[in-house]
Structures are given as C-alpha cells and as structure tokens.
Amino acid sequence: MNTPTLFDGDFVVDVEFDEFRRLKAQTHIREINDTRINRQSREEMIARRHAAIARLRRRRHEADEVEHEYWLRRRNNIHLVE
C-alpha cells in the first residue's frame, strides 16, 4: 500500500490528534520560556544583590577613610593649640 499524500482524495487528517500535538508543543515551549525567564530574573536578582553589597562596602570604606581623616585633623589641631 502506498503512503497517502495530500493530493489523494481519500487522505483524512486526524484533527483532534494534530490539535493535541500542537497544544502539547505550545505547553512545552511555554514551560521552557518560563524556566528561562525565572533563571534570568534569579540571575539578575543575584547580580543586583552583589552590586548592592559592593556599594555598601565601598561606602563603609569611604566613611572609615573620612572619619580617620577627621580624627587626624582634629589631633593635629589640638597639637597646634597646645
């Protein structure tokens, strides 16, 4: 028996089966996209968290330097007054 083609008049397409396959493929694509979006948002969140921690460390370091300079100036001014 020959394989039916689209040009044969008696070729019947199983619409329900094709619809099921299409829905299954769409669901799979949506799941893949959802996983990718979640991974991206998680990576972005981690990157933002690391950047925030780095900013806090820089600010704390700068604040320590400013405070150290303040006490040096204060000590030098006390020596000048004495």
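The count comes to 1 aromatic pair, where rings of Phe, Tyr and Trp (its six-membered ring) pair if their centres lie within 6.5 Å. Tyr 70 and Trp 71 form this pair in an edge-to-face arrangement, at 5.1 Å centre to centre and 75° between the planes; planes under 30 degrees apart count as stacked, over 60 as edge-to-face and the rest as tilted. The structure is a predicted model, in which local features need pLDDT of at least 70, side-chain atom pairs count only at pLDDT 80 or more, and totals for chains, interfaces and linings use all residues. Residues are numbered from 1 along each chain as its sequence is written, and side-chain values use heavy atoms, with hydrogens and water left out.

**Aromatic residues**
- Tyr 70 is partly exposed because its relative accessibility is 37%, the class lying between buried (under 20% relative accessible area) and exposed (over 50%), with a 1.4 Å probe and protein chains only.
- Trp 71 is also partly exposed, with a relative accessible area of 48%.

**Salt bridge**
- The whole structure contains 1 salt bridge, defined as a side-chain nitrogen of Lys or Arg within 4 Å of a carboxyl oxygen of Asp or Glu.
- Arg 22 and Glu 19 form the salt bridge, with their closest N and O atoms 2.4 Å apart.
- Arg 22 and Glu 19 are separated by about one helical turn, because they stand 3 residues apart in helix 1.
- Arg 22 is partly exposed at 38% relative accessible area, and Glu 19 is partly exposed at 35%.

**Negative patch**
- Glu 62, Asp 64, Glu 65, Glu 67 and Glu 69 gather in a surface patch of negative charge; patch residues have over 30% relative accessible area and no salt bridge, and like charges are joined within 9 Å.
- Asp 64 lies in helix 1 (residues 15-81) and is partly exposed, with a relative accessible area of 46%.

**Overall structure**
- The secondary structure comprises 1 helix and 0 strands, taken as DSSP runs (H or I of at least four residues for helices, E of at least two for strands).
- Of the 82 residues, 0% count as buried.
- The protein exposes about 8,300 Å², of which carbon and sulfur atoms supply 57%, by the Shrake-Rupley method with a 1.4 Å probe.

How values were computed
Patches are made of residues with over 30% relative accessible area and no salt bridge: like charges are joined within 9 Å, nonpolar side chains (Val, Leu, Ile, Met, Phe, Trp, Tyr) within 5 Å. Lys and Arg count as positive and Asp and Glu as negative; His and the chain ends are not counted. The place of a charge is taken as NZ of Lys, CZ of Arg, CG of Asp or CD of Glu.
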